[in-house]
Amino acid sequence: MSLSVDRSDPAAPLIHVGGDLAYTTAAPLREEIDRLLATAPPVIGLDFGDLRFIDSTGLAVIVHAWREGQQAGVSVRLHHVPRFLTAILDLTGVTGLLARPVAGSRPDTRPAANA
């Protein structure tokens, strides 16, 4: 897995994820998400444009980002979601989670994921 963080917009840092997001590679992404959540930006973006594969552990990291973001008042947005990941997110109900507004905020009309 490859991982890089674009912090050019402190209010919306963007994590670029590439390669395989799986059991053996997911820990660095989870750690980076936790590091960014600790700074409490309004939004954290996850860019999956270069993702080739994801397993249940990778999916759990996305859910972790959403859950911890909810608690911290941080929205999690997905960018450049490959078709296979869109299908997985839809089938597992994660798309619905990501569409929920952050607790205590007003509803946002922008979609949580885009292709």
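Let's start in a loop: Thr25 is found between strand 2 and helix 1. The model you are looking at is predicted, and its chain holds four helices and four strands. Read along the sequence, these elements follow the pattern β-β-α-β-α-β-α-α. Of the 115 residues in the chain, 41% are buried. Among contacts with a separation of 6 or more, 74% are between residues 24 or more positions apart.

- Is Thr25 buried or exposed? Its relative accessible area is 19%, and the cut-off for buried is under 20%, so Thr25 counts as buried.
- Once neighbours within four places in sequence are set aside, Thr25 is in contact with Met1 and Asp20.

- The four strands form an open sheet in the order 1-2-3-4, with mixed pairing.
- At the edges are strand 1 (2-6) and strand 4 (75-79), each of which pairs on one side only.
- From one strand to the next, the twist averages 20 degrees.
- Strand 2 (residues 14-21) and strand 3 (residues 43-54) run parallel and are joined by seven bridges.
- Why is strand 4 described as largely enclosed by the rest of the structure? Four of its five residues are buried, so the description follows from that count.

**Helices on the sheet**

- Helix 2 (residues 56-72) lies across strand 2, strand 3 and strand 4.
- The direction of helix 2 is at about 175 degrees to strand 3. Angles over 145 degrees count as roughly antiparallel, so helix 2 and strand 3 fall in that class.
- Helix 3 (residues 83-92) packs on the sheet too, where it touches strand 3 and strand 4.
- The direction of helix 3 makes about 110 degrees with that of strand 3.

**Helix 1 against helix 2**

- Two packed helices are described by the angle between their axes and the distance between the axes.
- For helix 1 (residues 27-38) and helix 2, the angle is about 15 degrees and the axes are 10 Å apart.
- Angles under 35 degrees count as roughly parallel, and helix 1 and helix 2 are therefore roughly parallel to each other.
- As for handedness, helix 1 passes helix 2 in a right-handed crossing.
- Which residues meet in this contact? Helix 1 contributes Leu29, Arg30, Ile33, Asp34 and Leu37, while helix 2 contributes Val61, His64, Ala65, Glu68 and Gly69.
- By class, the residues of this contact divide into five nonpolar, two polar and three charged.

**His64, inside helix 2**

- His64 is found in helix 2 and has a relative accessibility of 3%. With the cut-off for buried at under 20%, His64 therefore counts as buried.
- Leaving aside neighbours within four places in sequence, the contacts of His64 are Arg30, Asp34 and Gly69.
- Of these, Arg30 and Asp34 belong to helix 1.

**Positive phi values to check**

- Most residues other than glycine have a negative phi.
- Which value does phi take at Ala40? Phi of Ala40 is near 55 degrees, a positive value in a residue other than glycine.
- Ala40 sits in the loop between helix 1 and strand 3 and counts as partly exposed, at 47% relative accessibility.
- His80 has a positive phi as well, of about 50 degrees, although it is not a glycine.
- The place of His80 is the loop between strand 4 and helix 3, and at 46% relative accessibility His80 is partly exposed.

**Towards the end of the chain**

- Pro101 lies in the segment after helix 4 (94-99).
- With a relative accessible area of 39%, Pro101 is partly exposed.
- Pro101 and Gly73 are 28 residues apart along the chain, and their C-alpha atoms are separated by 9.5 Å.

Definitions and conventions
Residues numbered from 1 in each chain as written. Predicted model: local features only at pLDDT ≥ 70, side-chain atom pairs only at ≥ 80, totals over all residues. Heavy atoms only, no water. Pairing = 2+ DSSP bridges. Helix = DSSP H or I, 4+ residues; strand = E, 2+ residues; numbered from the N terminus. Axes fitted to C-alpha atoms, helices over the stretch in contact; angles between N-to-C directions. Contact = heavy atoms within 4.5 Å. Buried < 20%, exposed > 50% of the residue type's maximum accessible area, 1.4 Å probe, protein only. Parallel < 35°, antiparallel > 145°, perpendicular 65-115°, else oblique. Left-handed = near helix turned anticlockwise from the far one by under 90°. Nonpolar A, V, L, I, M, F, W, Y, C, P; charged D, E, K, R; others polar.
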